[in-house]
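User: Can you walk me through this one? I'd like the overall build and then some local details.

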Amino acid sequence: MMSLYNLLDANQQFALNGRGTTNHCPMALHALAEMGADEARLNDFFAYWLRDKALPASPVSGLADEGQDPEARFSQLRADFSGKVAKEGWQPLFAQIVAQGISPASGAFHPMIRLACAIENAHQGEQAAALAAWHCKPLHLPQGLGAPCPDLPALLARLHETLGGWRSNQRWITAHLRQVAEMPRFVQALPNSLTRQELTQKHDGPDDLLGTLAELALALYWQTRDFTVLHLVTGTRAASLIAAQLGEPLRGDFIRLLWQGVAAAYVTVGAPALGAPRWPDLGAISWQQVTTLAIASDDDHCIKLVHTCWRERAVSPHYLAVAAREVGLLADDWPDDNRGQSGPTFNG
């Protein structure tokens, strides 16, 4: 039997992507371990991923080049970054990402989520891998030309009015985001600032924007069960973990990139009107029931979503409803006219 840390070491043999997906293995292993999975279950999940999903990493040779195949570039950057993380930690490389304006939405938010997991479990190899993934799938969003908005709800309301109902014919989440980034209507609607958001709060408390985003993402996922919105729920917690370890002005710059990425992601799912959630009576459903089912699942997105909800359970009781529905303890019981169009079912 191998421990979580040893399995994360073994994960370094895998490519950036898997078969029809990105490499969720290290994130799912982290979530399983935190929810109480024993070593046998962690080894079983790793064996499943190795058998059904994993692809071998490209060999490392020479210097990383922007013209390289993304998998070759990822392997080289991961190797290059491993030494830097071991010497200096992950923050200097992360600061370079922010300075280059690379969006947290890059790679459909997966590199950011992967980095947050690696920060929590302190695995330096995974920190290097997450930062390499962020560089390999860079998304740059335009600076907005729109008038300032007071806050995130006002921004989403503006985007709903301007771009509500927009849909992409592309397969991948990242392709949708790139389409939105190139749309003149999006650039004109995107504000150049959020005037009432406090982006420089104390480091021992949550940012106002991050707290608001968590509430909106949870409600929107309950309303739509959209696959992209799921990544906003898990991504918000990841962003909070990262932001808590940043000083100013880096923290403010990162959060600005984050809300711009959230705005683009919201448009990709049709910028639906935000309805008032109708939360169910949970009866005797408990977190123990929910996490037990999540731990037994091989669905990496289910595992990660339930983990996020479980970790944030003290913030809102509604996290239990979302998690219970995800593992099948609650039926889909929203009215048809309150559900958005389903988003893409692919990762990259």
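Analyst: What follows goes from the whole chain to single residues.

User: What kind of model is it, and how are residues numbered?
Analyst: This is a predicted model, in which local features need pLDDT of at least 70 and side-chain atom pairs count only at pLDDT 80 or more, while totals for chains, interfaces and linings use all residues. Residues are numbered from 1 along each chain as its sequence is written, and side-chain values use heavy atoms, with hydrogens and water left out.

User: How many helices and strands are in the protein chain?
Analyst: The protein chain has 16 helices and 2 strands. Both are DSSP runs numbered from the N terminus: helices are H or I with at least four residues, strands are E with at least two.

User: Why is the chain called as compact as a globular protein of that length?
Analyst: Because its radius of gyration is 19 Å, close to the 20 Å that the globule rule gives for 348 residues. The radius is taken over C-alpha atoms, and the rule is 2.2 Å times the number of residues to the power 0.38. Along its principal axes, the C-alpha trace spans about 50 × 50 × 40 Å.

User: What share of the residues is buried?
Analyst: Of the 348 residues, 56% count as buried. Buried means under 20% relative accessible area, exposed over 50%, and partly exposed in between, with a 1.4 Å probe and protein chains only.

User: How many contacts join residues at least 24 apart?
Analyst: The figure is 79%, among contacts between residues at least 6 apart in sequence. Contact means heavy atoms within 4.5 Å.

User: Switching topic: how many disulfides?
Analyst: The structure holds 0 disulfides, a disulfide being a pair of cysteine sulfur atoms within 2.5 Å.

User: What about Cys 302?
Analyst: For Cys 302 the closest cysteine sulfur is in Cys 309, at 9.7 Å, also too far for a bond. Cys 302 is buried, with a relative accessible area of 6%.

User: Where is Ala 128, and what is it in contact with?
Analyst: Ala 128 is in helix H7, residues 124-136, and is buried at 0% relative accessible area. Leaving aside neighbours within four places in sequence, Ala 128 is in contact with Arg 78, Phe 81, Ser 82 and Val 85.

User: Now the backbone. Which residues does a cis peptide bond join?
Analyst: Glu 248 and Pro 249, with omega about 5°. Pro 249 is in the loop between helix H12 (227-243) and helix H13 (250-268).

User: What is phi of Phe 109?
Analyst: Phi of Phe 109 is near 75°, a positive value in a residue other than glycine. Phe 109 is in the loop between helix H5 (91-99) and helix H6 (110-121) and is buried, at 2% relative accessible area.

User: And Ala 122, buried or partly exposed?
Analyst: Ala 122 counts as partly exposed, at 44% relative accessibility. Ala 122 lies in the loop between H6 and H7, and its phi is near 60°, again positive in a residue other than glycine.
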